[in-house]
Amino acid sequence: MSMQEHRKGLIWLVLYVMVVAVVMWFCKRNELPPGDDTLRINTVHPFERLASPSCNELASTSLMLLVEGMDTGLRSAGCQDSEKETSKAVFNFKHTAPANAADEAKSDTVWSVILGHPLKTLRSPRTLHYQIQRTDGTGDNLAPADAKVLLVIFEWWAPGGVALVVLVWGAMIYLGARTALVRDSGAPGVPLAQRTFSLARVQMAWWFAIVFASFVFLWLVTGETPGISAQALTLLGISSATTAASVGIGGPGATSDGLKGVFFRDLLSDADGVTIHRFQMLVMTIALGLVFLFHVASQLTMPEFDPSLLTLMGISAATYVGLKIPEKKADADAAQIADTVAEAKVGYSPMPE
């Protein structure tokens, strides 16, 4: 790599570090110091409650936490009485996982209300009103009137996760443009700039980037290692199988010499020009990817796509792979004709006058 390329890399690295530093500073300046009224996910938090009844009177029953009037599924992990300070009920504030599907769906709804739109909490914490009640259903609300806490979703180190996603995406874009990461295999001696971009490899890189970003985002928001949905695994599997089949067939999907290395033209074209099956596959891949990201940002779960959509993606991938065979045959025929013409020219000698 030349010094000029090294210089460009250093400039981009400095800019990247500066952006990350600014984002981390921006989030840090809005962070509230830990306190009784500041709540964080996956932490043991004491919630203020009324002094009566005392912990001894509550020993025979546990307490449940309600947020915005909805049962969170959380049960008390401790009880604190104090003469000088307010009494507390201790809860381990984390996402619960009920055993049956109905409760799980209800729990997801409650936590969607709790978390709201996480990106809005970058500037200020989210205010949540809570109540504390006995699990046996007896008694009134044990929390003070209009009791509330401030929920801080993103920790000060959260921009580090964002920076990691940006770094991975940036590396993929850079390697895709400067290396053979998402290009078809070319004949020996063909310059990299003239090798066509592979639709299958670009699709595989696209879904990897989306699932990776979603995984990191959900981890930052919930504080837990998120599960990857069956549909996400299916989409990754379809893109991987398409890439493997495409490489196995070996067809470079060549366009004319003047169009090789032109990104979108390569993705949409074969030897005969722009094709409908490539167009359909590219449009559906982009559309489902954007829907995937929007669902993760708004619902805080990886989406469960309708099986018919996954079937459509599978049909598009199968059509693409199936039509790679005639593309390869056409390329082989063209190469054979070129070799024959070249050999004929070598053996040809003009008639003397």
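# Strands, a helix and aromatic pairs

Strand S4 (residues 70–80) and strand S5 pair over 4 bridges, running in the antiparallel sense. Bear in mind that this is a predicted model.

- In S5, phenylalanine 93 stands opposite threonine 43.

**Helix H4, end to end**

- Helix H4 takes in residues 199–222, and at 1.5 Å a residue its 24 residues should span 34 Å. The C-alpha atoms at its ends are 34 Å apart, which agrees.
- Of those 24 residues, 18 are buried, so H4 is largely enclosed by the rest of the structure.
- The N-terminal end of H4 is capped by serine 198, which places a side-chain oxygen 3.4 Å from the backbone nitrogen of alanine 200.
- After H4 comes glycine 223, with a positive phi near 75°.

**Aromatic pairs**

- The structure holds 7 aromatic pairs. One of them is edge-to-face and joins phenylalanine 197 with phenylalanine 263, at 5.1 Å centre to centre and 75° between the planes.
- That pair links distant parts of the chain, 66 residues apart: phenylalanine 197 lies in the loop between helix H3 (158–178) and H4, while phenylalanine 263 belongs to helix H6 (residues 263–268).
- Phenylalanine 197 has a relative accessible area of 8%, so this residue is buried.
- Phenylalanine 263, at 31% relative accessible area, is partly exposed. Its ring also pairs with that of phenylalanine 264: the centres are 5.0 Å apart and the planes at 85°, so this pair is edge-to-face.
- Elsewhere, ring pairs link Phe47, Phe91, Phe93 and Tyr130 into a cluster.

**A charge over a ring**

- The ring of phenylalanine 197 has a further neighbour: the charged end of arginine 183 sits over this ring, 4.1 Å from its centre.

Key
Residues numbered from 1 in each chain as written. Predicted model: local features only at pLDDT ≥ 70, side-chain atom pairs only at ≥ 80, totals over all residues. Heavy atoms only, no water. Helix = DSSP H or I, 4+ residues; strand = E, 2+ residues; numbered from the N terminus. Expected span 1.5 Å × (residues − 1). Buried < 20%, exposed > 50% of the residue type's maximum accessible area, 1.4 Å probe, protein only. Polar contact = N/O pair within 3.5 Å; in protein donor to acceptor, adjacent residues only side chain to side chain. Phe/Tyr/Trp six-rings, centres within 6.5 Å; stacked < 30°, edge-to-face > 60°. Lys NZ or Arg CZ within 6 Å of the ring centre and 35° of its normal. Pairing = 2+ DSSP bridges.
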